[in-house]
Amino acid sequence: EDEDEDEEDTEVTNYDVGEEALDRLAIALGGKAMMPVLFGIIQEWFPSDDWKKRHAALMAISQSGEGCEAQMAKQLEPIVTTIV
């Protein structure tokens, strides 16, 4: 009973929905479709002074990793360089 109450009290945020959507898109479309768009945004947002953009870029890499695994492996060096 307590577990049911906890589930009802859990609020789903836009952040949660966005993460899940990005994960599903990456899996459905695959890396060939996602990586060019994703990598462009990541390169634009990582150097930003706005921490929210940097966080979003990092989470985009994290959430799309499963669907873009093969393409990310090929681009690992530029991705790591961009992050660091």
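S48 sits in the loop that joins α3 (31-45) to α4 (51-64). Helices here are DSSP runs of H or I with at least four residues, numbered from the N terminus. This is a predicted model, in which local features need pLDDT of at least 70, side-chain atom pairs count only at pLDDT 80 or more, and totals for chains, interfaces and linings use all residues. Residues are numbered from 1 along each chain as its sequence is written, and side-chain values use heavy atoms, with hydrogens and water left out.

Is S48 buried or exposed? S48 has a relative accessible area of 18%, so it counts as buried. The cut-offs are these: buried is under 20% relative accessible area, exposed is over 50%, and partly exposed is in between, using a 1.4 Å probe and protein chains only. The side chain of S48 reaches the backbone nitrogen of D50 at 3.0 Å. S48 also touches K53 and R54, leaving out residues up to four places away in sequence. Touching, or contact, means heavy atoms within 4.5 Å.

D50 has a reach of its own. At the start of α4, a side-chain oxygen of D50 comes to within 3.0 Å of the backbone nitrogen of K52. Helix α4 then runs for 14 residues. Its first and last C-alpha atoms are 20 Å apart, close to the 20 Å expected at 1.5 Å a residue. The expected span is 1.5 Å times one less than the number of residues.

Which residues of α4 are buried? They are A57, A60, I61, Q63 and S64. Their cover includes α2, α3, α5 (69-74) and α6 (76-83). Take A57, which lies in α4. Its relative accessibility is 1%, so A57 counts as buried. A57 is in contact with I42, W45 and F46, leaving aside neighbours within four places in sequence. A57 and F39 are 18 residues apart in sequence, yet their C-alpha atoms are 9.1 Å apart in space.

Now look for the nonpolar core. Such a core is a set of buried Ala, Val, Leu, Ile, Met, Phe, Trp, Tyr and Cys residues joined through side-chain atoms within 4.5 Å. The largest one has 13 residues. M35, L38, I42, I61, C68, M72 and I79 touch the most other members. Both α3 and α4 supply at least two residues each. α3 gives the most, with five residues. In soluble globular proteins, nonpolar side chains tend to be buried together. M35 touches G40, C68, Q71, M72, Q75 and I79, again not counting residues up to four places away in sequence.

Turn to helix α2, residues 14-29. Its 16 residues should span 22 Å at 1.5 Å a residue, and its end C-alpha atoms are 22 Å apart, which agrees. E19, D23 and A26 are its buried residues. Just after α2, G30 takes a positive phi of about 85 degrees.

How many salt bridges does a search of the whole structure find? It finds one. A salt bridge is a side-chain nitrogen of Lys or Arg within 4 Å of a carboxyl oxygen of Asp or Glu. Here R24 and E20 meet at 2.8 Å, N to O. They are four residues apart in α2, so about one helical turn separates them. R24 is exposed at 57% relative accessibility, and E20 is partly exposed at 37%.

Definitions and conventions: Polar contact = N/O pair within 3.5 Å; in protein donor to acceptor, adjacent residues only side chain to side chain.
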